[in-house]
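Student: Please take one part of this structure and look at it closely, then show me how the chains meet.

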There are 2 protein chains.
Amino acid sequence: MKPAVVLLSGGLDSTTTLAMAKSQGFKPFALSFRYGQRHAVELVAAARVAEAIGVAEHVIAEIDLRRFGGSALTSDRAVPKGRDPDVMDQGIPVTYVPARNTVFLSFALAWAEVLDAGDLFIGVNALDYSGYPDCRPEYIAAYERMANLATAAGVEGRQAFKIHTPLIQLTKAEIIRKGLELGVDYGLTSSCYDPDRDGRPCGRCDSCVLRAKGFTEAGSEDPLLARFGVTP
Amino acid sequence: MKPAVVLLSGGLDSTTTLAMAKSQGFKPFALSFRYGQRHAVELVAAARVAEAIGVAEHVIAEIDLRRFGGSALTSDRAVPKGRDPDVMDQGIPVTYVPARNTVFLSFALAWAEVLDAGDLFIGVNALDYSGYPDCRPEYIAAYERMANLATAAGVEGRQAFKIHTPLIQLTKAEIIRKGLELGVDYGLTSSCYDPDRDGRPCGRCDSCVLRAKGFTEAGSEDPLLARFGVTP
């Protein structure tokens, strides 16, 4: 089995991505970050998911993006609540963390180079997303090109790294259906930007709203809500 | 004065880069990393240099690249000694840290976006270097392109970030002459990959060898050696 580094936040998208990487025959090395996020409870979910799906190794890297600020997710700024999903991609919301995916992919690249793994997986999504610049296909293509110049492979003139984005053109409902086919238990995941200490989702942030819309459109119930006794 | 993020290791190249950014009229925000390097004493030098040259702020970010390994600089693997400078660019040495500049630039980009700074400085050098892939002009150009897609600027379709590499086509001797013109005190810097606890350079690693060659060619004496009573 070929090794692959999979970015795993513990949310719905990255969990589905991990299940897809595994179903494609990769040996996954899961990478999560404690970056100063207010919803660090997602790391508990990431560990649960890594255990349930099965990974060769799960690393939680400690980095402090709070030091630089600039986002509602890494500061005391309020997380927007109750926004209409149809307007979420109009402008970049305050939950955008500057250069977050760039930082995450850079650590993934470092690990991949050491593991001699040419495959990186990231669960970015250009539909049903929150308007983040670092979730777009043109960004991923530019990152991949840079990664191949950054590394030993670049000097040797070979294409070594491929960044897989299996969700990039899927709707949230399609992602959920795909995950359910693969046997993912979404009750283990955590998507909320502003959960309580136990991981109970707020139900009203962009991430909760997109998740609920996805389950509705997929004609399925979110097992996470049942777990917390939340009425959708 | 325009703000700029300057990567500062505390070595000769990054110190000269900081002095050049300042002489070009930028207000520098210096960024260093405690990344598990065996020569963490360079951070003491970085703080001295930031103080001497004058910066708006100096941040030392804590990240653990040792966790991924893959380099003599972040493990107990021996640092090569006594190599001929003329062969250093033949192949990538064991002191190469996988994706290091990519990780460093990603944090610089995150900070720059928050500071609303469009200028990043990095002291990479494609001559008199150690054969690292992430010091080449084509890598820097690819990084800059990616950075402009990664960020809010990318969504808005504007070129916001420029990565300045003022040393990239200079020899080590030219870098030293430039720094001396700008009044840099190289006695404050630290270049060695394998110094003792007090920062005394080993004199025989690639970095020490290139530095000594540079001072010889510049017709100057290295004040760091005098400080430690080392005979060149």
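Tutor: The expected span of a helix is 1.5 Å times one less than its number of residues, where helices (H or I, at least four residues) and strands (E, at least two) are DSSP runs numbered from the N terminus. The model is predicted, and local features need pLDDT of at least 70, side-chain atom pairs count only at pLDDT 80 or more, while totals for chains, interfaces and linings use all residues. Residues are numbered from 1 along each chain as its sequence is written, and chains are lettered from A and ligands numbered from 1 in the order in which they are written.

The part to look at is helix 1 of chain A, residues 12-23, whose 12 residues should span 16 Å and whose end C-alpha atoms are 17 Å apart, which agrees. Of these 12 residues, 10 are buried (20 or more other C-beta atoms, placed from the backbone, within 10 Å of their own), so helix 1 is largely enclosed by the rest of the structure. Among the buried residues are A:Leu12, A:Asp13 and A:Met20. Their cover includes strand 1 (2-7), strand 2 (26-34), helix 2 (42-53) and helix 7 (206-217) of chain A. Just after helix 1, A:Gly25 takes a positive phi of about 95 degrees.

Turning to the meeting of the chains, the contact (C-beta atoms, placed from the backbone, within 7 Å) takes 36 residues from chain A and 36 residues from chain B. On the chain A side, strand 3 (57-62), helix 3 (100-115), helix 4 (137-150) and helix 5 (152-155) each supply at least two residues, and the largest share, 9 residues, comes from helix 3. A rotation of 180 degrees with 0.0 Å of shift along its axis superposes chain A on chain B with an RMSD of 0.0 Å, fitted by least squares on the C-alpha atoms of residues with pLDDT of at least 70 in both. That is the relation of a two-fold axis, and the C-alpha of chain A nearest the axis is that of A:Ile63, 2.8 Å from it. Since 100% of the interface residues of chain A are also interface residues in chain B, the copies meet through the same surface.

Helix 3 of chain A packs on helix 3 of chain B at an angle of about 170 degrees, with their axes 9 Å apart, where axes are lines fitted to C-alpha atoms over the stretch in contact and angles run from 0 to 180 degrees between N-to-C directions. That makes the two helices roughly antiparallel (over 145 degrees). The residues that make this contact include A:Val103 and A:Phe107 of chain A and B:Val103 and B:Phe107 of chain B.

Notes: Two residues are in contact if their C-beta atoms, placed from the backbone, lie within 7 Å. Angles under 35 degrees count as roughly parallel, over 145 as roughly antiparallel, 65 to 115 as roughly perpendicular and the rest as oblique.
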